[in-house]
Amino acid sequence: MKLESIFELWDEDSRIKREDLADESLKISTLHSKYHKIYTQERLTLRKYEHELKQLKLDKYEFYTQGPTKETMEKGWQLPPIGKVIKSDVDKYMDADKDIVSLSLKIGLQHEKIELLESIIKTLHNRGFQIKSAIDWIKFTSGG
């Protein structure tokens with residue numbers, strides 16, 4: 001799921017209708033379930049990306065130190081103009097490798113999604129207290 005989609009969903013779901021506090025209170029568990037499902041899916045995606053990154057780093061390390069194979073040539077991987085890289089310089093090339101950087105950015109985005117979803121779930125945990133406070137305030141201001 002895209003980060004923007006999560007923001008849009010939460011923008012809609014985060015609103016508490018003052019005139020319908022009872023229904024809002026009952027929706028908490030449904031919203032919790034909804035966002036926990038998204039959270040779980042995004043965490044699983046993060047784990048998949050992290051595994052892919054480990055494998056990619058190993059493959060790239062072997063590529064930079066041992067040279068191209070038929071598989072790496074089919075993937076379009078190219079050694080730098082100097083050819084094979086000495087082991088002490090491999091980290092520099094891997095840090096700048098476009099495939100590794102791209103996957104690392106995906107992982108960073110997944111972390112952002114997870115942090116947002118954790119924040120949403122935490123807010124949902126407190127929603128009952130917010131609704132109770134709103135009810136108490138309405139009672140107080142109406143003289144009840």
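**Entry 1: helix α1**

I began with helix α1, residues 3–13, and found L3, I6, W10 and D13 buried. Buried means under 20% relative accessible area, exposed over 50%, and partly exposed in between, with a 1.4 Å probe and protein chains only. Helices here are DSSP runs of H or I with at least four residues, numbered from the N terminus.

I then looked up what the buried residues of α1 pack against, and found α3 (28–66) and α6 (98–141). Contact means heavy atoms within 4.5 Å.

**Entry 2: source of the model**

I wrote down that this is a predicted model, in which local features need pLDDT of at least 70 and side-chain atom pairs count only at pLDDT 80 or more, while totals for chains, interfaces and linings use all residues. Residues are numbered from 1 along each chain as its sequence is written, and side-chain values use heavy atoms, with hydrogens and water left out.

**Entry 3: α1 with α6**

Two packed helices are described by the angle between their axes and the distance between the axes. For α1 and α6 I noted an angle of about 10° and axes 10 Å apart. That makes α1 roughly parallel to α6. The axes are lines fitted to C-alpha atoms, for helices over the stretch in contact, and the angles run from 0 to 180 degrees between N-to-C directions. Angles under 35 degrees count as roughly parallel, over 145 as roughly antiparallel, 65 to 115 as roughly perpendicular, and the rest as oblique.

I found that α1 and α6 cross in a left-handed way. The term left-handed applies if the near helix is turned anticlockwise from the far one by less than a right angle, and right-handed applies if clockwise. On the α1 side, the contact is made by L3, I6, F7, W10 and D13. On the α6 side I listed L109, K113, L116, L117, I120, T123, L124 and R127. By class, the contact of α1 with α6 has nine nonpolar, one polar and three charged residues. Ala, Val, Leu, Ile, Met, Phe, Trp, Tyr, Cys and Pro count as nonpolar, Asp, Glu, Lys and Arg as charged, and the others, Gly among them, as polar.

**Entry 4: α3 with α6**

Next I looked up α3 and α6, whose axes come within 9 Å and cross at roughly 160°. That makes α3 roughly antiparallel to α6. The crossing of α3 past α6 is left-handed. I recorded 18 nonpolar, eight polar and eleven charged residues in the contact of α3 with α6.

I picked I114, which lies in helix α6. I114 is buried, at a relative accessible area of 8%. Not counting residues up to four places away in sequence, I114 touches Y39, E42, R43 and L46.

I found D97 in the loop between α5 (90–96) and α6. D97 is buried, with a relative accessible area of 6%. K60 and Y64 touch D97, not counting residues up to four places away in sequence.

Last I looked up Y93, in helix α5. Y93 is partly exposed, with a relative accessible area of 29%. Leaving aside neighbours within four places in sequence, Y93 is in contact with Y64, P80, I82 and V85. Y93 and Y61 are 32 residues apart in sequence and 9.2 Å apart in space, C-alpha to C-alpha.

Methods: Helices (H or I, at least four residues) and strands (E, at least two) are DSSP runs, numbered from the N terminus.
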